[in-house]
Amino acid sequence: MNLTAVLDEIKENIDGDKISFGKIVDEFEDRGYGPLLLIAALFIMLPTGGIPGIPTVLAVVIIFIAAQLTWGRSTPWLPDKLRSISFDKAKFTKAANKIKPFTRKVDYILRPRLKRFAKKPMTRIIGAVIIGLCLFMPFLEIIPFADVIPSSSIVIISLGLTARDGIFTLVGLIAALVMLGGLATWLL
């Protein structure tokens, strides 16, 4: 199922006037890791990532999510307080309709292919590599926006996980491994 279809399914399957964050994650099922990692990594890449301390805090969040992948959880676990955050369904529908042109473009590029590289047991390796990238982020904060380097790999990997696109996941993993090697050389 592509991203646009998932947005439509969320709008159709959730009853009531409110949509909780937990329900959205539940709708993504085992692909819920991708959107969670994507959101956190994008915040690092935005101007918010230039605020000292923010990349490190977000790296901890990403490690929390990636550790669940490494442990082999099929769906992400979130604390009840985070799952219970809710917002108006009408606002979600309006926002979803606004981003549909973007999701359609993403759906054109991303599609399920080489799925075995975006599912277990590969997700355990993916989680470990993402954790490795995040461990460097506190050190990279000395250079403004240097955290964009590892977070860009996380964005590519998370898009691959969301769409079950093994090609994107592999490209992100290769970039991540190259970055890990370069960062390890730079720091040591």
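1. Phe-145 sits in the loop that connects α7 and α8. In this predicted model, its phi is near 65 degrees, a positive value in a residue other than glycine.

2. A second case is Leu-114, located in the loop between α6 and α7. Leu-114 is not a glycine, yet its phi is positive, about 45 degrees. The relative accessible area of Leu-114 is 37%, so this residue is partly exposed. As background, most residues other than glycine have a negative phi, and most peptide bonds are trans.

3. The loop between α6 and α7 also holds Pro-121. The peptide bond that leads from Lys-120 into Pro-121 is cis, and its omega is near 0 degrees. Anyone preparing this model for calculation will find the cis bond at Lys-120 to Pro-121 and the positive phi of Leu-114 worth a look.

4. Helix α8 covers residues 148-163, 16 residues in total. From first C-alpha to last, α8 reaches 22 Å, close to the 22 Å expected at 1.5 Å a residue. Just after α8, Arg-164 has a positive phi of about 55 degrees.

5. How much of α8 is buried? The helix is mostly covered, with 12 of its 16 residues buried. Among them are the nonpolar residues Ile-154, Val-155, Ile-157, Leu-159 and Leu-161. Ser-151, Ser-153, Ser-158 and Thr-162 are buried in α8 as well. The buried stretch from Ile-157 to Ala-163 includes Gly-160.

6. The largest nonpolar core contains 50 residues. The residues with the most contacts inside this core are Ile-10, Leu-37, Ile-62, Ile-126, Ile-130 and Ile-154. At least two core residues come from each of α1, α2, α3, α4, α6, α7, α8 and α9. The largest share, 10 residues, is supplied by α7. In soluble globular proteins, nonpolar side chains tend to be buried together.

7. Which residues does Ile-62 touch, leaving out those up to four places away in sequence? The contacts of Ile-62 are Leu-37, Ala-40, Ala-41, Ile-44, Ile-130, Cys-134 and Ile-154. Of these partners, Leu-37, Ile-130 and Ile-154 are themselves listed with the most contacts inside the core. Ile-154 is also one of the buried residues of α8, and Ile-62 touches it directly.

Methods: Residues are numbered from 1 along each chain as its sequence is written. This is a predicted model: local features need pLDDT of at least 70, side-chain atom pairs count only at pLDDT 80 or more; totals for chains, interfaces and linings use all residues. Side-chain values use heavy atoms; hydrogens and water are left out. Helices (H or I, at least four residues) and strands (E, at least two) are DSSP runs, numbered from the N terminus. The expected span of a helix is 1.5 Å times one less than its number of residues. Buried means under 20% relative accessible area, exposed over 50%, partly exposed in between (1.4 Å probe, protein chains only). A nonpolar core is a set of buried Ala, Val, Leu, Ile, Met, Phe, Trp, Tyr and Cys residues joined through side-chain atoms within 4.5 Å. Contact means heavy atoms within 4.5 Å.
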